[in-house]
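Hi everyone, thanks for coming. Let me put the protein up on the screen, and then I'll walk you through a few places in it.

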Amino acid sequence: MNLGKLLFSLSTALDFTYRGLANHHHQVAYVVLAIGRGLGMDGKDLRRLCCAALLHDVGAVTTGEKVALSKFEVGEPFEHCDRGRRFLADVPQFAFLGEVLATHHDRWDGPNPSGFRRDGIPLDARIIHLADRLVVAMGDGAGDILARRDGILGRLRALGGRVFDPVLVEVLGDVSVPESFWLDLEAGDLPALLQEQAGDLLNVRIAPEELPGVAGLFARVIDAKSIFTHRHSNLVTRVAVELAARCGLSGEELLEMRVAALLHDLGKLSVPEGILEKPGKLSPAEYNIIKRHTYYTYHILRPIDGFEKIREWAAYHHERLDGAGYPFGIGAAGLDLGCRVVAVADVFAALTEDRPYRPGMDRVRVAEIIRRQVQAGALDPDVTGVLLESIDDFTSLKEL
Ligand SMILES: [Fe+2]
Ligand SMILES: [Fe+2]
Ligand SMILES: [Fe+2]
């Protein structure tokens with residue numbers, strides 16, 4: 001398993017909107033690589049910088065926050081910075097990036113909540129700040145990027161020495177001379193270009209046991225989106241792993257189950273909170289937006305080598321045995337035990353949790369609805385049988 005590939009893919013989820021993908025984290029990573037190389041950075045330093053860029057806005061969880069950050073002048077940027085630091089603190093592989101995330105909007109001449117100024121601000125954070133605002137300034141207008149490039153650089157230069165490190169603004173001017181710099185940033189295949197540029201930089205092996213930690217970071221972002229889902233990914237994970245073990249999965253498959261369950265709703269990052277928290281019935285258009293989430297989960301996980309099973313277990317959780325599920329309409333023949341386990345765990349967790357339009361249900365009602373879904377041809381009778389037989393055990397997982 002390759003940490004770089006994993007981060008390239010998962011970071012695309014941070015830029016989701018219901019209109020599909022935006023490329024913000026990849027664009028910022030592309031620019032920081034250019035500035036970093038312009039400064040003579042390489043090896044471990046460049047790797048750390050690139051990882052931080054791929055995750056820099058991980059703390060921006062709501063659509064409102066993302067919209068605010070897409071404006072050139074951000075009023076209150078520090079909340080998402082600090083939340084990002086807190087998210088990373090729980091992930092051993094990334095905790096060391098926390099300070100950079102916390103300071104990636106620090107102004108060169110202060111004042112900043114961190115108390116840092118000038119060279120006291122971590123270099124990675126200064127680079128990401130400049131790269132991030134460059135990318136935002138590019139989106140802040142329309143028309144030929146080559147005609148606009150001087151205006152954009154001028155806007156950043158005017159803030160050199162006050163908002164941005166003036167040396168870095170100079171370096172950016174140098175590395176952005178080739179037209180290809182700007183055209184790459186707008187290219188549809190930027191993810192592929194970025195991976196070429198990064199080369200071996202992110203070719204870091206990560207052990208299978210480390211995967212749940214990384215997946216857990218993204219689960220936290222998903223769950224933080226709404227008070228109604230604030231523990232959903234974690235509850236589904238506890239239920240799915242326990243259920244999988246009782247259905248006979250073991251060893252590495254249980255680890256894969258943990259990762260799949262943590263990431264099952266990754267595509268939900270595309271759903272605006274207004275829809276997730278709507279107290280009444282969803283309109284057909286809103287329901288269509290929700291239904292896209294498993295399609296997105298599948299496609300974010302698709303390019304990751306070694307995730308063949310994980311992406312199916314994660315993304316098929318709204319498929320049904322009778323083939324009437326979404327988004328692929330896969331029937332029983334295409335749904336293995338792992339897929340069936342995640343589907344049951346997701347339904348069970350959702351029924352027990354509060355929703356904006358109803359409170360969480362008690363176990364009698366939950367069992368009744370699950371049985372009905374088996375009869376209707378949605379859920380697997382054997383897997384649900386294992387769950388219903390010990391429903392008290394599974395219900396108590398909610399209290400952990
Ligand atoms: Fe940011
Ligand atoms: Fe950003
Ligand atoms: Fe879902």
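Predicted model: local features only at pLDDT ≥ 70, side-chain atom pairs only at ≥ 80, totals over all residues.

Residues are numbered from 1 along each chain as its sequence is written, and chains are lettered from A and ligands numbered from 1 in the order in which they are written.

Now to the helix pair. Helix 12 (residues 211–224) and helix 14 (residues 252–263) cross in a left-handed way; helices here are DSSP runs of H or I with at least four residues, strands are E runs of at least two, and both are numbered from the N terminus. Their axes, lines fitted to C-alpha atoms over the stretch in contact, are 8 Å apart, at an angle of about 15° (angles run from 0 to 180 degrees between N-to-C directions). That makes helix 12 roughly parallel to helix 14, a label for angles under 35 degrees. Helix 12 brings Leu-211, Pro-212, Ala-215, Gly-216, Phe-218 and Ala-219 to the contact, and helix 14 brings Leu-255, Arg-258, Val-259, Leu-262 and Leu-263. Contact means C-beta atoms, placed from the backbone, within 7 Å.

Let's zoom out. The domain assignment, which is automatic or from a database, gives domain 1 (3–202) and domain 2 (208–399). Their C-alpha centres lie 33 Å apart. Across the boundary, 19 residues of domain 1 touch 24 residues of domain 2. On the domain 1 side, helix 1 (3–12) and strand 1 (16–17) each give two or more residues, and helix 1 gives the most, with five.

Finally, some backbone details. Most residues other than glycine have a negative phi, and most peptide bonds are trans. Where do we find a cis peptide bond? One joins Gly-110 and Pro-111, with omega about -5°, and Pro-111 sits in the loop between helix 6 (98–102) and helix 7 (123–139). The bond from Tyr-326 to Pro-327 is cis too, with omega near 0°. Pro-327 belongs to the loop between helix 17 (308–315) and helix 18 (337–352).

Back in the loop between helix 6 and helix 7 is Arg-118, whose phi is positive, near 45°. Arg-118 counts as partly exposed because it has 14 C-beta neighbours inside 10 Å; 20 or more would be buried, and 12 or fewer exposed.

Key:
Contact = placed C-beta atoms within 7 Å. Parallel < 35°, antiparallel > 145°, perpendicular 65-115°, else oblique. Left-handed = near helix turned anticlockwise from the far one by under 90°.
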